[in-house]
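Q: I'd like a close look at just one part of this protein, starting from the inside. Please walk me through it slowly.

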Amino acid sequence: MKATWTAVNSSEQLQRSSHNVAVIDSSVYVFGGELKPRQPRDDDIFVIPIKHQDGKDTTVAKVTTSTEESRPSPRVGSAVAKLGTKLYFFSGRGGEAMAPVKEQGALWIFDTSKSDWKLESPSADQAYPEARSYHAMTCDGEKTIYVHAGYPEKGRLADLWAYDTHAKTWKEHAGAPGTSRGGPSIAFAEGKLWRMNGFDGEKEVGGSVDCYDPHSNTWSSKTFDADGKAGPGARSVATLLPVKIGGKTYLVTLFGESDPSSLGHQGAGKMLSDVWAYDVSADKWQQIDTEVQGGGSAPAARGWFDADVMETSSGEAIVVSGGLAEQNERLGDTWLLNFKNQ
């Protein structure tokens, strides 16, 4: 399988890591993150309107919201899920102590059709997930937002929570198998939630695709050799995205940190630049052979970035923006990855 990288743009405004990226129609939204370690950069939301399939002729704009007095505080390591025209954000890390942002189970919602923010609190007397950072979120495309794992005040988590956007209620489901972790990746595809990657406090986690079935509230796992040959190597702060390629559903994981820095969050570890696709029906991995449109340099290896799926005239593509490079530099570039076997 082959794919082509196209450079969309590079912007100082978007230079950041530990941020969130979401695509609505042909617009890429960016929120949160840091330019310097443990210092949230801003509380703005930016949009990149991708006008053409080749990603050219794009600009970056700071969104002027209709509710300037009500917006989330600056934060890093938050997570986002999209449903319809709305983006749902949960928690993150911020403030003087850079502690998990505690909002009593509330979610910040950015409605892209109105350019406004709203803090939505769950129904009273309901249990809710504790505040955390570097967790993962996804949506079933109907009404349910999922939140998984991450770093609370102390330690790491393996829990799974579901938020019903109609009833405004949280419900805790069966916890995931394996070690508790931060920086995992989850995706929703074929009626199920899929999980891989993460950091368990000692090492990056790999070698397993874990699957949660909402109907039975149970997990199952498919193991593979995480040797970079039979399957992707272990990594964290990467991504996992469901992409339709040639009529089949694949889970695509790319980039990420494979070995943490000895300096902790002040440094950058070993970063990856590879792209892998998991055939859900065949239970098989393959590495994607990538090239760069018009030649030139490929995207730098990175972790602590974010990405999402975009529908184009030739099929589904992946948008990648920002992140942390191996040289401990925050990146401000945005790329579009188009798959050829559509």
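A: Strand 2 (20–24), strand 3 (27–31) and strand 9 (86–90) each give at least two residues to the lining of the largest cavity. Strands here are DSSP runs of E, at least two residues long, numbered from the N terminus. Keep in mind that this is a predicted model, where local features need pLDDT of at least 70, side-chain atom pairs need 80 or more, and totals for chains, interfaces and linings use all residues. Residues are numbered from 1 along each chain as its sequence is written, and side-chain values use heavy atoms, without hydrogens and water.

So what's a cavity? The structure has 1 cavity of 30 Å³ or more, and the largest holds about 30 Å³ of space, counted as the space filled by probe spheres set on points joined across faces, edges and corners.

Sort the lining by class and you get 9 nonpolar residues, 1 polar and no charged ones. Here Ala, Val, Leu, Ile, Met, Phe, Trp, Tyr, Cys and Pro count as nonpolar, Asp, Glu, Lys and Arg as charged, and the others as polar.

Methods:
On a 1 Å grid over the protein atoms alone, a cavity is a set of points where a 1.4 Å probe fits but cannot get out, and a pocket is an open set with protein on both sides within 12 Å along at least five of seven lines; lining residues have an atom within 4 Å of a point. Helices (H or I, at least four residues) and strands (E, at least two) are DSSP runs, numbered from the N terminus.
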